Amino acid sequence: MSRNLIIGAGLTAFFTGLAALSFLWTPYDIEVLDIPNRLLTPGGAHLLGTDHFGRDILSMVMMGARTSIAVALVAVGIGMGLGVPLGLWAAARRGSLLDDVIMRGNDLVFAFPSLVIAILITAVFGPSAVNAIIAIGIFNIPVFARLTRGAALPLWERDFILAARVSGKGAARISAEHILPNIANLMIVQGTIQFSLGILAEAALSYIGLGAQPPTASWGRMLADAQTLVSIAPHVALIPGFAILLTVLGLNLLGDGLRDWLDPRIRVVRT
Amino acid sequence: MIRFALGRLVSLTASLIVASIVIFAVVEVIPGDPAAFMLGVNARPDTIAALRAEMGLDEPLIARYAAWVSGMVQGDFGMSWTYKTPVATLIADRIWVSLPLAIYALALSTLVAFPAGIYAASRRGGAGDTAIMGATQLGVAIPNFWFAMILVLVFAINLRWFSAGGFPGWADPWAAIKALTLPAIALALPQAAILARVMRSSLLDMLGEDFMRTARAKGLTCRQALWRHALRNALIPVLTIIGLQFSFLLAGAIIIEQVFFLPGLGRLIFQAISARDLIVVESVVMLLVFTVIMVNFIVDLTYAAVDPRLRARA
């Protein structure tokens, strides 16, 4: 196992653990304001200090981890859940009109600046975590569709697929039973990368006020609140940023590490 | 080449038509009555009726869509409900902040990424390569609006080299460029990291090619072969990424403009959202999508002109 994989898995496990722990316990209740103890520096009773309302930053980071991970995870789920079947379908009917329509549709979604459309969606439907998920999820669909089709096409030429066809299996069964298991590794790696992009997108949307709404804690929102305080209490702005940075870095390293670990060809080249 | 260009032109037109239908549908059909949506729950019925008439909402959908598109083609983006000014004027004012910002960031990102990527590829596996690749991992993981806040903290608040935000206008070009410098750096960081990685891996792919072995066999040093043969070929995927990045830069500018209080398209669209000024939102989004599709079209044509193989494949 590579160093990337270990560091990446460690960071990912740490932040996922924080998010999971927040369901059971946080050091303080983040909905209780404690103005006399506002903007405390890290240390003492508040390990990471307090914000401008006297809320415990560690507790907010834990709750924010939950929001970020939930939004990004569901968005990746939408992308995979729709993109992978579309890609498999396009590959099974390669060269047909259906294939063309699916791939042109993909190109079109790619042509849209994703953030602009996310803003458009939240502008019309109102800002909320659910609309952020939909906005981010839509742009994951073509990523997975294109990757799936690309990986599935060469497999359709292989002998074991021919054998499956001879034994009387239809395109749908072959896609599910023979193609999918062979491209699963690739999907896991891409899923990790899209997960990290989802965390960044969620942070950006909630930073401009179009993501999760208060009182739901989110890292982007914490940064927006901290922006005017950056000169008097830098830690309030630095800590949520580091949380985003480390989570995204962890997921990217995990993705790289998994790719090297799951793909034996690359491993041979490296050793 | 002409057949290739015509083919691209057809798909460009199709993309624009579908994009405009999607935007029109999201903004004008899904909210039900856009006039009631824009005015909010407390609006009086006669105000809503007045806005409905002004927006031409009593016309059938197809007619409204046709009017919107034909207006845009002639440079008429409609009238803003909140500013009481033509949207085209609003856009013309703001674009002189957003466009220079995106171009500035693109230039910075290319200036940093090219040398970094080339150096890393030529020192593959060495300490310099490892350091640059580590830096790019950080670069893609940092949220750029947070990086912008750190830049403000260090260079505006502590060192006082730059102002923390605002834009003085282009009357004094030097002051304008200075005001765009921190935003451009923040915007460029993740793109530079991605571009450096693409540059490196594209070059490394080329180093394994037969023509590189030939170049080395005829007596060129590694460095000469890299500069004369590998770099030119490696630029094709890099060009594609630069084209794609332009759309990220334009969209990313929306957020970075918020951090630095820059009066660009991003702030315009954002204020229009808060004021529910759908006419502005619709037109600015369409303009951004149009720009992105056009840039990608130009990139496609450019590298088809550079590389005949791509023409044949399409």
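Me: Buried residues make up 47% of the 271 residues in chain A. What makes a residue count as buried?

Reply: You count C-beta atoms, placed from the backbone: 20 or more others within 10 Å of its own is buried, 12 or fewer is exposed, and in between is partly exposed. Keep in mind that this is a predicted model, where local features need pLDDT of at least 70, side-chain atom pairs count only at pLDDT 80 or more, and totals for chains, interfaces and linings use all residues. Residues are numbered from 1 along each chain as its sequence is written, and chains are lettered from A and ligands numbered from 1 in the order in which they are written.

Me: Why is Lys84(B) called exposed?

Reply: Lys84(B) has 7 other C-beta atoms within 10 Å, so it falls in the exposed class. Lys84(B) sits in the loop between helix 4 (61-73) and helix 5 (87-122) of chain B.

Me: And what makes Arg160(B) exposed?

Reply: The count for Arg160(B) is 9 C-beta neighbours inside 10 Å, so exposed again. Look for Arg160(B) in the loop between helix 7 (144-158) and helix 8 (173-207) of chain B.

Me: Why does Leu301(B) get "partly exposed"?

Reply: Leu301(B) has 15 other C-beta atoms within 10 Å, so it lands in the middle class. Leu301(B) belongs to helix 12 (residues 278-306) of chain B. Leaving aside neighbours within four places in sequence, Leu301(B) is in contact (C-beta atoms, placed from the backbone, within 7 Å) with Ala5(B) and Arg8(B).

Me: How do you know which kind of peptide bond joins Pro214(A) to Pro215(A)?

Reply: From omega: it is near 10°, and the bond is cis. Pro215(A) is in the loop between helix 8 and helix 9 (219-226) of chain A.

Me: What makes up the secondary structure of chain A?

Reply: Chain A has 11 helices and 0 strands. Both are DSSP runs numbered from the N terminus: helices are H or I, at least four residues, and strands are E, at least two.

Me: How do you describe the packing of helix 2 and helix 6 of chain A?

Reply: Two packed helices are described by the angle between their axes and the distance between the axes. Here the axes of helix 2 and helix 6 (residues 140-156) of chain A come within 7 Å and cross at roughly 35°. The axes are lines fitted to C-alpha atoms, for helices over the stretch in contact, with angles from 0 to 180 degrees between N-to-C directions.

Me: What does the side of chain A that touches chain B have by class?

Reply: The contact takes 27 residues from chain A and 36 residues from chain B. On the side of chain A there are 23 nonpolar, 4 polar and no charged residues. Nonpolar covers Ala, Val, Leu, Ile, Met, Phe, Trp, Tyr, Cys and Pro; charged covers Asp, Glu, Lys and Arg; the others, Gly among them, are polar.

Me: Which element of chain A has the lowest mean pLDDT?

Reply: Helix 11 (residues 264-270) of chain A, at 48, with pLDDT being the predictor's confidence in each residue, from 0 to 100. Chain A averages 86.

Note on methods
Two residues are in contact if their C-beta atoms, placed from the backbone, lie within 7 Å.
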